[in-house]
Amino acid sequence: MTTPALLPLSGRRLPPLNLGASAFPHHRATLRLSEKFILLLILSAFITLCFGAFFFLPDSSKHKRFDLGLEDVLIPHVDTSKGDKNLGGFLIHGQGHDEHRHREEEERLRNKIRADHEKALEEAKEKLKKSRDEIQAEIQTEKNKVVQELKKKDSKPLPPVPLPNLIGINSGEPADPDIREKRNKIKEMMKHAWENYRQYGWGHNELKPIARKGHSTNILGNSQLGATIVDALDTLYIMGLHDEFREGQEWIDKNLDFSVNSEVSVFEVNIRFIGGLLAAYYLSGQEVFKIKAVQLAGKLLPAFNTPTGIPWAMVNLKSGVGRNWGWASAGSSILAEFGTLHMEFVHLSYLTGDPVYYNKVMHIRKLLQKMDRPNGLYPNYLNPRTGRWGQHHTSVGGLGDSFYEYLLKAWLMSDKMDTEARKMYDDAIEAIEKHLIRKSNGGLTFIGEWKNGHLERKMGHLTCFAGGMFALGADGSRDDKAGHYLQLGAEIAHTCHESYDRTTLKLGPEAFKFDGGVEAVAVRQNEKYYILRPEVIETYWYMWRFTHDPKYRQWGWEATQAIDKYCRVSGGFSGVKDVYSSSPTYDDVQQSFFLAETLKYLYLLFSNDDLLPLDNWVFNTEAHPLPVLHLANTTLSGNPAYR
Ligand code: DMJ
């Protein structure tokens with residue numbers, strides 16, 4: 001799902017931090033260590049001096065001071081008849097005690113204090129002899145130690161859970177030399193995208209392939225979270241690009257830190273980062289990915305602290321403060337955002353044994369089930385304070401899309417045990433077919449958008465994913481309509497292919513109309529761009545898996561060639577601003593989903609079906625494969641999340 005307008009952040013600032021020891025220990029431990037260190041040094045020398053001075057005073061004055069200070073407070077509660085009272089290690093006056101032992105004890109203390117005092121002075125003198133650089137280096141070493149300690153604490157291994165059946169992660173080599181060659185070409189494109197990102201954008205979220213520098217959008221916040229690295233990992237893995245995979249792993253291990261003052265989209269971070277990390281964990285078995293996914297999930301949880309439990313669209317990773325997009329109807333959260341967390345959150349509960357994640361997404365589901373739906377349709381906007389729908393706008397494209405996808409995939413991922421999710425999917429799809437799906441005059445099936453009782457005859461590139469979804473949901477559909485849904489998938493694939501074929505570049509526009517004699521063509525200038533999106537290729541791949549009709553490979557190859565010809569530049573791959581222009585201009589962004597999804601689906605399209613078989617793997621909405629969790633498996637039924 002995408003946001004219609006990427007608005008600048010509000011520029012809200014947090015109040016300056018108070019350096020006390022209570023909240024935010026990470027930040028404070030490393031902050032102002034140098035000042036703290038010097039202050040401590042001076043303080044300890046001063047205290048030692050005071051105690052030293054005190055013990056050198058004559059006995060009588062000492063007793064007087066203690067008597068004066070403590071008598072008022074202590075004597076009423078102290079039974080002085082029993083002799084000496086020793087409070088907190090200090091000897092208080094008393095009669096009849098052994099004078100000699102007292103003197104010895106004092107002497108011993110005096111010597112100790114003198115020695116400590118001298119040692120502290122020596123150390124202070126030594127410190128002052130050192131150069132500024134040496135002192136700074138020492139402080140830095142101390143800081144590093146603290147950071148390492150904190151890291152160790154954060155990276156505690158999670159309780160082990162047996163992995164689900166992970167099959168088909170190293171297969172897929174096609175026998176046909178022509179298909180092999182095409183597959184290799186796609187792998188080469190992946191290398192080109194990765195190497196340029198590594199050279200010019202490493203650590204940034206994305207790459208500007210023409211300016212040759214890092215790029216980021218507000219959905220991923222203002223910190224360098226290496227979105228492209230995390231998003232690309234599983235594609236690198238299945239393509240056998242293991243050196244590149246290891247580079248990515250090393251960066252994540254050493255640099256990926258979520259304790260940053262950055263406001264991010266909960267949905268985007270979930271599908272790209274948590275999904276990407278979990279998939280990388282399942283494919284490679286490397287613990288670091290699981291640990292990072294769980295750390296990040298903890299940072300998203302405060303977004304659910306709303307009156308209804310429907311999460312905010314954005315959350316600040318450091319403060320946990322959440323809010324919604326300014327453009328969303330009446331302060332609403334977005335269906336495709338809060339409705340696209342289920343797969344990742346169920347896996348988090350499975351891997352950690354902590355039901356908190358599972359409970360959050362099930363709470364959302366229960367709330368949605370209780371609500372009235374106009375014409376059986378789910379509006380895209382829901383207010384997290386009131387629990388009421390916002391504007392009655394329903395879409396299978398942006399703002400709605402992956403909510404429907406995750407209902408179906410929740411059922412598949414549960415080994416088809418989550419029948420509640422399947423029922424919600426079936427109900428929703430029936431309403432969508434009735435109110436949103438139409439045939440154009442030229443015979444093209446399209447999915448329009450429902451806006452306040454009116455059908456807009458426009459389809460987005462994003463909506464094209466639905467062809468694959470209908471095919472994936474065909475098996476197990478209500479009233480045994482498998483044939484019907486497979487056919488519907490094929491029709492959507494055909495329409496979306498037409499939207500590509502009717503352009504100059506053979507690449508699809510962002511949105512296209514079926515109105516006033518126009519069929520599958522963009523009308524408005526600001527809908528003519530192609531930003532390396534995957535949805536059409538995703539549908540080709542699902543259709544290929546379910547039908548093996550060679551036209552899907554042919555269409556996929558057409559798209560590959562067009563991308564290589566018109567989007568490839570020497571610094572990577574870029575989106576184009578007008579697919580109807582023979583001399584297009586670039587948008588200068590290499591989207592992270594190009595590596596996560598577009599190239600992965602193309603590679604799978606030219607691989608054998610035994611690579612990530614659909615009986616064992618379910619792809620999240622960012623194309624990150626997560627294994628089916630077999631609920632019959634004793635491990636799972638013993639997992640608290642499922643009890
Ligand atoms: C991806 O981030 C995901 O597929 C999301 O669900 C919708 N759109 C983009 C790519 O177009």
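1. R110 and E107 form a salt bridge, with their closest N and O atoms 3.1 Å apart; the term denotes a side-chain nitrogen of Lys or Arg within 4 Å of a carboxyl oxygen of Asp or Glu. Both residues belong to helix α4 (residues 99-129) and are 3 residues apart, about one turn of the helix. Helices are DSSP runs of H or I with at least four residues, strands are E runs of at least two, and both are numbered from the N terminus.

2. The model is predicted: local features need pLDDT of at least 70 and side-chain atom pairs pLDDT 80 or more, while totals for chains, interfaces and linings use all residues. Residues are numbered from 1 along each chain as its sequence is written, and side-chain values use heavy atoms, without hydrogens and water.

3. R110 is buried at 17% relative accessibility, whereas E107 is partly exposed at 37%. Buried means under 20% relative accessible area, exposed over 50%, and partly exposed in between (1.4 Å probe, protein chains only).

4. The count of salt bridges comes to 38. One of them joins K416 to D475, at 3.4 Å between the closest N and O atoms. K416 lies in the loop between α14 (401-413) and α15 (419-435) and D475 in the loop between α16 (465-472) and α17 (482-501), so this pair ties together parts 59 residues apart in sequence.

5. W541 is buried, with a relative accessible area of 0%, and F619 is likewise buried at 0%.
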